[in-house]
Amino acid sequence: MAIFSVYVVNKAGGLIYQFDNYVPRAEAEKTFSYPLDLVLKIHDEKVVVSFGQRDGIRGMSSVATSSGVFRILLFAIGSQLSPEVGSSGIEMLETDMFKLHCFQTLTGIKFIVLADPRQSGIDALLRKIYEIYSDFALKNPFYSLEMPIRCELFDQNLKGALEIAEKAGNFGPGS
Amino acid sequence: LCRECKRLTILNSELFTLTYGALVTQLCKDYENDEEVNKQLDKMGYNIGVRLIEDFLARSSVGRCQDFRETADVIAKVAFKMYLGITPSVTNWSPAGDEFSLILESNPLVDFVELPDNHSTLVYSNLLCGVLRGALEMVQMAVDVKFAQDSLRGDNVTEIRMKFIKRIEENLPAGDE
């Protein structure tokens, strides 16, 4: 999976959408014999231990915790840190492990994509996500502006766009 | 046909005219007062505008306008063309450059419409004023928009007057001056 996460941040700096596209490593491994003295259940499409937690076996905690680092304050900090005057924030942050791309619209909405450093076509992907947002979130009259996006069509189309970007990414023309 | 062209040809303009007409007549029944209907149309327009602006920015490659004159041109030549298929002309600039008029030769909302005598103060297309106000507010511009002339009410042309009030500072995206 070359595109790790997608975030959408509203004008006030609140996270209104998050999609994480990677498989978390197992935090602990233990062998059990039947009968299990743990009860597992499905919660939010993840497996969680609902009874019998011990020895660090807690099931998969929300993958959001590590990505909480990449929140909105990046913008305020980015503007302060920038050597340029009138900087509008972070557009791209590169490390060995990932590249963080950000697109800010004239209306103050920010689209953030975390991807493999070798993944190309992210600029086009960000524009596409903006289109998907303007279609499936904003044109849904039951979606309120600035609120968390809970629209299935948005999810579906976003995932579709990510798939296309990932396939075309490494072989297509650079972003 | 490219995807954009397909989208534009699917919507039948008669259905659009009828839908808008149904909206206005229902508001007239509900509120029984032209002033109130005008207000409601403006409010509904505003709610459309705050959403439509993102669609506009996502689909056109327009960047931030440098001044109000550029804004006027973008509204008339890009936005009106994109959403209503018409290109109003921009005229009557105030000396300070903070007010201008959009002259509409035609208006798809009012095809086939005649205002009866008992609705002489109804601003039938007031939705448009709300749309423009809402859309510009989302790009940090407070404007006042109203109809200065209305062909439905006997004038020769339809004229929308737009006045720049101020820049909205509080929610400016970081770094914008």
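Reply: E36(B) counts as partly exposed, because its relative accessibility is 23%, between the 20% and 50% limits. Please keep in mind that this is a predicted model. The side chain of E36(B) meets that of K39(B) in a salt bridge, at 3.6 Å from N to O. K39(B) has a relative accessible area of 53%, so K39(B) is exposed. Both residues belong to helix α3 of chain B and sit 3 residues apart, about one turn of the helix. As a general point, an α-helix has 3.6 residues a turn, so residues three or four places apart point the same way.

Helix α3 of chain B also takes part in a contact with the other chain. D135(A) forms a salt bridge with R59(B), and their closest N and O atoms are 2.5 Å apart. This pair crosses between chains, joining helix α3 (residues 122–137) of chain A, where D135(A) lies, to helix α3 of chain B, where R59(B) lies. D135(A) and R59(B) are both buried. They also belong to a network of salt bridges that links K128(A), E131(A), D135(A), K139(A), D55(B) and R59(B). Over all chains, the structure holds 15 salt bridges.

Now to the sheet itself. In chain B, 4 strands form an open sheet in the order β1-β2-β4-β3, with antiparallel pairing. β1 (89–91) and β3 (141–149) of chain B each have a single partner strand, so they stand at the edges and one side of each is left without a neighbour in the sheet. On average, and ignoring direction, neighbouring strands of this sheet are turned by 30 degrees against each other.

Let's walk across the sheet from β1(B). β1(B) pairs with strand β2 (residues 99–104) of chain B over 3 bridges, and here V90(B) stands opposite L102(B). On the way to the next strand, L102(B) stands opposite I160(B) in β4(B), with β2(B) and β4(B) pairing over 6 bridges. R161(B) has 18% relative accessibility, so R161(B) counts as buried. The walk ends with β3(B) and β4(B), which pair over 8 bridges, and A142(B) stands opposite K166(B) in β4(B).

Helix α4 (residues 68–84) of chain B lies across β1, β2, β3 and β4 (158–167) of chain B, and runs at about 15 degrees to β2(B). Helix α5 (residues 126–138) of chain B packs on the sheet too, touching β3 and β4 of chain B, and its direction makes about 165 degrees with that of β3(B). With 13 residues, α5(B) reaches 19 Å from its first C-alpha to its last, close to the expected 18 Å.

How many of the 13 residues of α5(B) are buried? The count is 11, so α5(B) is largely enclosed by the rest of the structure. Among them are L128(B), C129(B), V131(B), L132(B) and L136(B). The buried residues of α5(B) pack against α2 (13–31), α3 (34–59), α4, β3 and β4 of chain B. Just after α5(B), Q140(B) takes a positive phi of about 65 degrees.

Notes: Residues numbered from 1 in each chain as written. Chains lettered and ligands numbered in written order. Predicted model: local features only at pLDDT ≥ 70, side-chain atom pairs only at ≥ 80, totals over all residues. Heavy atoms only, no water. Pairing = 2+ DSSP bridges. Helix = DSSP H or I, 4+ residues; strand = E, 2+ residues; numbered from the N terminus. Axes fitted to C-alpha atoms, helices over the stretch in contact; angles between N-to-C directions. Contact = heavy atoms within 4.5 Å. Expected span 1.5 Å × (residues − 1). Buried < 20%, exposed > 50% of the residue type's maximum accessible area, 1.4 Å probe, protein only. Salt bridge = Lys/Arg side-chain N within 4 Å of Asp/Glu carboxyl O.
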